[in-house]
Amino acid sequence: MNQDNTQKRNTTLYYIQRYGIWVTAALLTGLLPLIFRSGFALSMLSQMGIAIIFALSYNMLLGQGGMLSFGHAVFYGLGGFISIHALNIIMDGKLPVPVELLPLVGGLGGFLFGIVFGWISTKRAGTTFALISLGIGELIAASSLMLPGFFGGEEGISGDRMLEVTLTGFEFGKQIEVYYLIGFWMLICVYLMYLLTQTPLGRVANAVRDNPERAPFIGYDTHRVRTIQYTLAAFFAGIAGGLFAINYEIVTAETVGGIESGSVLMMTYIGGVGHFFGPILGAVLVTFMQLSLANYTHAWLLYFGLLFMGMVLWAPNGLAGIIMLHEPVWRAGLMTKLLPAYMKAALPAVMLFLGLMVLIEINYHLSLSIDPDAPMQIFGIQFDAHSPISWGLAFLLIIVGFVFFRRAAGLVNQSWQNVTYEMKRELR
Amino acid sequence: MSKCALKLVDVHKSFGSSKIIDGVNLEVASGERHAIIGPNGAGKSTLFNLISGFYEVSSGHIELNGHTITNLLAHQVNRFGLARSFQVTNIFPKMSVFENIRCALLWPMGYRYSFRHLCGRLKRLNAKVEEILEKIHLADRRHIPAGLLAYAEQRALEIGITIAGDAQVILLDEPTAGMSHSETDRAVDLIRKVTEDKTLVVVEHDMSVVFDLADRISVLVYGEIIATDVPDQIRDNPEVQEAYLGKEVA
């Protein structure tokens with residue numbers, strides 16, 4: 001009896017471990033719009049859902065397949081255009097597809113283009129692949145100007161998502177309905193992309209990434225492996241594009257362009273390419289920055305660029321890498337040994353950042369605002385951009401912050417060494 | 001002689017104007033352990049690269065178990081039942097030891113490019129991985145990223161990847177290079193164990209290993225095979241002594 005009970009508890013534990021994270025994700029997706037109720041928050045959450053699919057599909061190339069693409073938005077944009085055209089055809093009553101399944105049309109479009117472009121570009125990885133991806137991106141961006149019938153020229157193609165044919169009874173007049181559609185597809189795509197990493201194809205994609213020279217000698221055609229992986233990534237990017245079309249009811253040529261391709265690269269990288277969940281963090285953070293920071297400052301792209309550079313230099317494994325670095329420390333119950341040093345580093349880091357920020361904002365104010373002589377505001381504090389006091393304060397913050405941060409960094413290093421030492425001793 | 005597992009007929013290879021392999025003829029019988037020896041730069045590794053499809057031959061003909069494999073691509077040669085290891089350790093460094101072996105089993109066990117199966121649920125596959133890990137004595141290192149293994153362990157893994165798919169013909173390129181005496185002894189035992197009932201072609205510099213392991217030996221000098229015979233005859237062959245053994249052994 002007792003054994004029976006333990007076994008039952010063990011199976012329950014097993015299911016919690018196995019599916020708990022997915023149930024949590026589903027609950028979170030369902031509940032977030034009930035917590036953040038404003039229209040702005042809802043648009044942001046919708047965009048985040050789309051970005052999560054897009055970034056994870058990008059990581060199928062970069063993180064899992066070792067392919068650094070500069071043109072992944074091609075499939076996002078083409079998926080979007082194909083979906084919006086399909087939407088218009090459905091509107092005319094010529095195609096009986098419910099709006100809920102429209103993203104699949106985009107996915108299929110991405111899939112077909114993925115086969116073609118994948119075959120062309122994946123003979124080799126590395127620089128060759130990166131350059132070809134750049135070329136394909138430029139090719140599609142350029143043809144968007146030459147084929148106004150498909151890409152709609154400057155104003156793009158618009159559609160109307162409020163169709164007669166639906167599966168769910170949602171009419172998609174309200175943003176919340178669109179959000180739930182995006183959330184539904186997001187969960188499905190994330191789950192499928194996760195499962196893909198566990199399949200023979202997913203594992204062999206890792207092998208080809210790790211050592212393309214050896215892979216043929218265990219029976220694999222590296223070109224074929226990359227092409228399939230690339231095509232599946234394009235499929236999911238196409239689904240993200242389809243959701244974009246439904247969400248905004250307009251698709252413009254910008255969606256296939258280089259900026260979009262760069263954006264998904266940065267999301268994925270900032271989130272972390274080495275762990276499956278990394279790009280999710282990146283997509284959420286970068287979307288948040290893109291949509292909210294832009295409301296506060298013209299210089300938001302500069303901050304974004306600084307963040308990206310900082311990650312490349314100091315945290316090449318991204319946010320996920322930073323988190324996973326602490327996982328063994330957490331397990332050993334030694335986080336308390338790191339936190340004091342982190343706290344001591346946090347204050348000077350904030351000072352350093354504030355100093356830099358004041359300097360950047362002053363410069364933006366002087367060079368870009370309509371009236372540089374007018375007083376400017378940061379966090380509600382008014383001051384004169386020309387005054388040497390504001391400049392002096394900025395530099396003071398930077399210098400003091402920098403000096404103390406350097407010291408605190410040494411302390412952080414020291415704590416890490418202690419913690420590593422203790423963990424090793426416990427292992428023995 | 002029993003059936004011919006590997007047959008090279010008048011194989012040539014030049015890079016630009018320099019001839020590296022200059023008319024090699026070689027027949028390795030099925031089930032034989034065959035060693036290729038020769039001084040540095042004789043073209044031993046190049047010969048392996050030609051057989052395994054890493055390079056294309058300039059001219060000549062190569063057969064594997066009766067199939068012509070001349071100038072096939074590496075993965076095609078592999079699918080005909082030939083596996084090889086490398087002189088410089090050539091594994092999948094970021095993947096775990098377990099994953100390294102599992103990947104080497106996927107194609108031979110018929111999973112190809114499947115994205116319908118989940119690796120974790122394939123019992124037969126995972127049992128086979130365990131079996132090989134036991135054989136190469138890396139079972140307790142399974143979760144470690146292969147790149148972090150000690151050198152001798154990496155060499156064992158290299159052999160594990162090579163033999164995992166049950167290929168009938170195994171090429172090992174200097175499997176004991178850089179190993180200590182005791183490590184070498186263990187490696188030779190391992191090689192003997194995992195290549196039982198298989199055809200083995202091995203390039204090796206360590207003469208004690210060669211004479212211990214091989215049924216027959218071929219001596220490659222400046223891209224030509226000057227002698228192929230059983231170990232005792234090779235030891236006594238004056239031409240071989242002059243070209244190779246004489247300088248190194250004396």
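These legends describe close-up views of a predicted model. Local features need pLDDT of at least 70 and side-chain atom pairs count only at pLDDT 80 or more, while totals for chains, interfaces and linings use all residues. Residues are numbered from 1 along each chain as its sequence is written, and chains are lettered from A, ligands numbered from 1, in the order in which they are written.

**View 1. Chain A as a whole.** Chain A holds 15 helices and four strands. Helices (H or I, at least four residues) and strands (E, at least two) are DSSP runs, numbered from the N terminus. Along the principal axes, the C-alpha atoms of chain A fill a box of roughly 75 × 65 × 50 Å. Of the contacts in chain A with a separation of 6 or more, 79% join residues 24 or more positions apart. A contact means that two C-beta atoms, placed from the backbone, lie within 7 Å.

**View 2. The crossing of α2(A) and α10(A).** The axes of helix α2 (residues 39–65) and helix α10 (residues 258–271) of chain A come within 9 Å and cross at roughly 80°. The two helices are therefore roughly perpendicular to each other. Axes are lines fitted to C-alpha atoms, for helices over the stretch in contact, and angles run from 0 to 180 degrees between N-to-C directions. Angles under 35 degrees count as roughly parallel, over 145 as roughly antiparallel, 65 to 115 as roughly perpendicular and the rest as oblique. Residues in the contact include A:Phe54 and A:Tyr58 of α2(A), and A:Leu265 and A:Met267 of α10(A).

**View 3. Two loop residues of chain A.** A:Phe172 is not a glycine, yet its phi is positive, about 60°. A:Phe172 sits in the loop between β1 (157–158) and α7 (175–197). A:Phe172 counts as buried because 21 C-beta neighbours lie inside 10 Å. A:Glu249 also has a positive phi, near 55°. Its loop runs between α9 (222–248) and β2 (250–251) of chain A. A:Glu249 is partly exposed, with 17 other C-beta atoms within 10 Å. The buried class needs 20 or more other C-beta atoms within 10 Å, the exposed class 12 or fewer, and partly exposed lies in between, with C-beta atoms placed from the backbone.

View 4. Strands β1 (residues 4–15) and β2 (residues 18–29) of chain B pair in the antiparallel sense over nine bridges. Pairing requires at least two DSSP bridges between two strands. B:Phe15 stands opposite B:Ser18. Two residues lie between the strands, and B:Gly16 takes a positive phi near 60°.
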